[in-house]
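Me: I would like to go through the strands of this structure, and then the helices beside them. Could we begin once it is on screen?

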Amino acid sequence: MRLLHTSDWHVGRTFHGFDTTDHLRRTLEEVADLVVEHEVDVVLIAGDVFDLSTPAAHHFTLLTEALQGIRDAGAIIVATSGNHDSAARLGFLAPLVASSGTHILTEWPADPVVLEDEHGPVHVFGIPYLEPNALRVNHDDPSLGTADGTLRWAMRGVRSSLAANPARSVVLSHCFVGTTPTGETIEDDAPRDITVGGKSMVSAQHFSGVDYVALGHIHSRQRILDNVRYSGAPLHYSFGERSRERGGWLIDLGPAGVESIEWLGFTVERPLTTVTGNLDDLLVDDSLVGTEQHWVRAVLTDDRRPLEPMRRLRERWPHCAHVELRPRETEASHRSYRERVQRRTDLQVVEGFLRDVRQHEPMSTTELSIITEAMTLLQQKAES
């Protein structure tokens, strides 16, 4: 059985305000073409199918067209929900569409999707994004108060099911594996995460005993273990994504489990490019010829913010999406903050800060009076 592991489609997402609908449509049409070319039996979507919990009508249309295209190409579809999805909306009519070969798994516990090939059954488990606090309350179990505890609980269900009905197994899970079993740190490059602190991280050790684990949430491809991987998103959705490749993992399951895994790349219509330098120089830099249709982040090193930088940049790069001002480092900037303010009064420190953020605009008389009065009150309170 041949599977294609994808995730994080984020139907409806924009890129710094630019609409990505048409771009995503073409990429998902390419997925259907690859199903035919590589004779894929099953396409996996490991969560965050939609970008918002309340997708627009035309985003449902795009998803329907994409899923229908993949089914017409000959592949069964198994998808689960992520933290961006509304499980109820994504799972609407799931029992009905399952009869047509599209399995959308948004609840847990749940029975696996049972598929067959010449070597016997393959059980595909979909663990949707599970809100730890809600589970802890509903099940009256303090151990479910973290993502790690929740995943441990869900995987106990997977292993219990496999013990009762042995089969080759695949798990879809939308989660954040923070470290590999060898201690290597995995950086979370999925923006707008809804979890905080260590409560969001899970251990890869919980996935033991499964033939392949298709992870979702991180937008760049990652290998956690040979059989535990992130595929990343089909499009670039942030300049923070480390991997420039877009695609999915092609997995061959033989009679004893995974026989091979290879990367199947998708076409990247609009690569990510960061340009750095003085604005006037960037606009005429011949070394940047060929990047005009890229997503561009401009890091401007001008000493002062130029006038209308985005408008001028988009004359060369119509898809310039982000601008930041980062003046070249001076000798003073290399000194520590403590060294730079050690001979200044508190009032001078505040005034210097305001000058910096206002690009050298001085404090007004009213502001000076308010700040001086506040500092006096604080000093009196400290002394008392």
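Reply: In this predicted model, strand β1 (residues 2-6) pairs with strand β15 (residues 247-254) in the antiparallel sense, over four bridges.

Me: Which residue is the bridge partner of Leu4 in β15?

Reply: Leu4 has Leu250 as its bridge partner in β15.

Me: And what is the strand order of the open sheet?

Reply: The open sheet has six strands in the order β6-β5-β4-β1-β15-β16, and the pairing is mixed. Its edge strands, each pairing on one side only, are β6 (102-105) and β16 (257-265). On average, neighbouring strands are turned by 20 degrees against each other, direction ignored.

Me: Which strands does helix α1 touch?

Reply: Helix α1 (residues 21-38) packs on the sheet and touches β1, β4 (42-46), β15 and β16. The direction of α1 makes about 135 degrees with that of β16.

Me: Where does α2 lie, then?

Reply: Helix α2 (residues 57-73) lies across β4, β5 (76-80) and β6, and runs at about 145 degrees to β5.

Me: At what angle do α1 and α2 pack?

Reply: The angle is about 15 degrees, and the axes of α1 and α2 are 8 Å apart. Angles under 35 degrees count as roughly parallel, and α1 and α2 are therefore roughly parallel to each other. Their crossing is right-handed.

Me: Which residues make the contact?

Reply: Among them are Leu24, Leu28 and Val31 of α1, and Leu62, Ala66 and Ile70 of α2. By class, the contact of α1 with α2 has 10 nonpolar, three polar and two charged residues.

Note on methods
Residues numbered from 1 in each chain as written. Predicted model: local features only at pLDDT ≥ 70, side-chain atom pairs only at ≥ 80, totals over all residues. Heavy atoms only, no water. Pairing = 2+ DSSP bridges. Helix = DSSP H or I, 4+ residues; strand = E, 2+ residues; numbered from the N terminus. Axes fitted to C-alpha atoms, helices over the stretch in contact; angles between N-to-C directions. Contact = heavy atoms within 4.5 Å. Parallel < 35°, antiparallel > 145°, perpendicular 65-115°, else oblique. Left-handed = near helix turned anticlockwise from the far one by under 90°. Nonpolar A, V, L, I, M, F, W, Y, C, P; charged D, E, K, R; others polar.
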